[in-house]
Amino acid sequence: MAAAAGVLACSAGLAHADRIENGVAVFSALDKVTARTSKFEVKLNETVQFGALKVTPRVCYSRPPEEQPKTTSFVEVDEIQLDGQERRIFSGWMFAESPGLNAVEHPVFDVWLTDCQKPKGAIAQHSGGGEAGVPSAADAPPPEEDAFAPRRRVRR
């Protein structure tokens with residue numbers, strides 16, 4: 001009976017993990033024409049241009065070093081077309097541990113997430129009821145928002 005309680009306590013501890021909200025997303029990119037690879041850092045909600053692509057990370061999460069790695073970022077990528085117009089070619093989550101899963105594959109350029117840097121703080125994720133002394137994401141102050149930035153829906 002005590003062993004079963006210990007197993008349940010251990011599995012309950014694995015049910016949630018701290019995620020760290022970071023201020024900078026780190027990307028790698030490949031120019032297929034010149035075979036040039038580049039690594040660049042982008043602050044959240046800022047845009048960096050690589051060739052004809054504009055990369056804008058909206059959030060970037062990682063885990064503490066003592067936990068299993070999981071680095072994710074919500075990214076928007078626009079292509080500058082020959083007529084000067086911008087066209088959104090990617091809007092979604094990128095995963096650093098699985099770069100082929102949701103990388104931007106363009107005829108000329110590839111872009112993928114490699115890391116998140118400059119932690120802002122930790123946010124605890126829970127699979128259910130809260131624990132004593134651990135703040136939930138609902139208790140966190142709202143993030144500073146740009147009045148002109150598009151709003152995004154969060155599923156829970």
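This note sets out points on the predicted model shown above, for a reader new to protein structures.

1. Basis of the model. The structure is a predicted model, in which local features need pLDDT of at least 70, side-chain atom pairs count only at pLDDT 80 or more, and totals for chains, interfaces and linings use all residues. Residues are numbered from 1 along each chain as its sequence is written, and side-chain values use heavy atoms, with hydrogens and water left out.

2. Confidence. The pLDDT (the predictor's confidence in each residue, from 0 to 100) averages 76 over the protein, and 66% of the residues score at least 70. Over residues 3-15 the pLDDT is below 50, and this stretch has 1 contact in the model beyond near neighbours in sequence; a contact means heavy atoms within 4.5 Å. Residues 126-143 also have pLDDT under 50, and the model gives them 11 contacts beyond four places in sequence.

3. Overall arrangement. The protein has 1 helix and 8 strands, in the order α-β-β-β-β-β-β-β-β from the N terminus. Helices (H or I, at least four residues) and strands (E, at least two) are DSSP runs, numbered from the N terminus. Of the contacts with a separation of 6 or more, 49% are between residues 24 or more positions apart.

4. Surface and burial. The protein exposes about 10,500 Å², of which carbon and sulfur atoms supply 53%; accessible areas come from the Shrake-Rupley method with a 1.4 Å probe, and for residues only the protein chains shown count as cover. Buried residues make up 31% of the 156 residues. Here buried means under 20% relative accessible area, exposed over 50%, and partly exposed in between (1.4 Å probe, protein chains only).

5. The nonpolar core. In soluble globular proteins, nonpolar side chains tend to be buried together. The largest nonpolar core in this model has 20 residues, and Phe 27, Phe 40 and Val 111 have the most contacts inside it. Such a core is a set of buried Ala, Val, Leu, Ile, Met, Phe, Trp, Tyr and Cys residues joined through side-chain atoms within 4.5 Å. At least two residues of this core come from each of E1 (18-31), E2 (36-43), E4, E5 (72-80), E6 (86-95) and E8 (109-124), and E8 gives the most, with 4 residues. The disulfide. A search of the whole structure finds 1 disulfide, a term that denotes a pair of cysteine sulfur atoms within 2.5 Å. The bond joins Cys 60 to Cys 116, with an S to S distance of 1.7 Å. Cys 60 lies in strand E4 and Cys 116 in strand E8, so the pair ties together parts that are 56 residues apart in sequence. The torsion about the S-S bond is about -80°, and the disulfide is therefore left-handed. Both cysteines are buried.

6. Ser 73. This residue is found in strand E5 and is buried, with a relative accessible area of 0%. A polar atom of the Ser 73 side chain lies 2.7 Å from the backbone oxygen of Val 59. Among the contacts of Ser 73 beyond four places in sequence are Val 59, Cys 60, Trp 93 and Leu 113.

7. Ala 52. The loop between strand E3 (48-50) and strand E4 (53-62) holds Ala 52. Ala 52 and Asp 78 are 26 residues apart in sequence and 8.3 Å apart in space, C-alpha to C-alpha. Beyond four places in sequence, Ala 52 touches Asp 78, Glu 79, Ile 80 and Phe 109.

How values were computed:
A polar contact is a pair of N or O atoms within 3.5 Å; within protein, one must be able to donate a hydrogen and the other to accept it, and residues adjacent in sequence count only if both atoms are side-chain atoms.
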